[in-house]
Amino acid sequence: MFNIVLVHPQIPQNTGSIGRMCVNADCSLHIVKPTMFEISDKTVKRAGLDYWHLLDVHVYESLEDFLKMHADKVERFFFATTKTKKPYFEASFQAGDFLFFGGESTGLPMELMQLKWENAITIPMGKNGRSLNQATSAGIILYDAIRQNFSAFAMV
């Protein structure tokens with residue numbers, strides 16, 4: 001239904017958890033290297049439990065490779081970032097959208113977000129908050145996108 005894109009993920013447990021969520025939400029997971037771990041790493045699979053073999057996962061050697069394959073979809077790219085004031089719940093998601101999340105300590109590259117800056121979104125936080133866990137952020141935004149498109153979401 002949606003595409004989750006992890007750009008330079010650093011923590012295998014987050015990637016595994018997001019992979020498990022993607023299986024349960026009928027989404028594809030796109031992983032853009034470099035990563036700080038091997039995709040086959042047992043910690044990724046452990047966090048994804050027995051779901052990993054069911055995951056529709058695509059791995060790209062670089063951001064350039066990803067963009068070459070999906071350049072025609074830039075209009076439907078949404079970027080989770082702390083660098084904007086636009087809350088995620090003001091975005092209008094459609095099935096097939098690409099939801100981007102950056103590395104846990106680096107975030108998304110600004111040059112990537114500038115491809116469609118008006119689709120940069122954030123999760124509101126209290127005054128003491130700096131950022132949320134990558135897997136938590138992906139869950140919040142993905143499930144709002146599903147909520148907005150629930151009639152198209154295949155429940156079994």
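Residues are numbered from 1 along each chain as its sequence is written, and side-chain values use heavy atoms, with hydrogens and water left out. Because the model is predicted, local features need pLDDT of at least 70 and side-chain atom pairs count only at pLDDT 80 or more, while totals for chains, interfaces and linings use all residues.

Six salt bridges turn up in the structure (a side-chain nitrogen of Lys or Arg within 4 Å of a carboxyl oxygen of Asp or Glu). One of them joins Lys 116 to Glu 75, with the closest N and O atoms 2.7 Å apart. This pair ties together distant parts of the chain, 41 residues apart: Lys 116 sits in the loop between helix H4 (110-113) and strand E6 (120-121), and Glu 75 in the loop between helix H3 (63-70) and strand E4 (77-80). Helices (H or I, at least four residues) and strands (E, at least two) are DSSP runs, numbered from the N terminus. Lys 116 is buried at 12% relative accessibility, whereas Glu 75 is exposed at 52% (buried is under 20% relative accessible area, exposed over 50%, partly exposed in between; 1.4 Å probe, protein chains only). Glu 118 joins these two residues in a network of salt bridges.

Helix H5 (residues 134-148) holds another pair, Arg 147 and Asp 144, three residues and so about one helical turn apart. Their closest N and O atoms are 2.8 Å apart. Here Arg 147 is exposed, at 52%, and Asp 144 is buried, at 10%.

Asp 72 and Lys 73 also meet, at 3.5 Å from N to O. Asp 72 is exposed at 64%, and Lys 73 is partly exposed at 30%.
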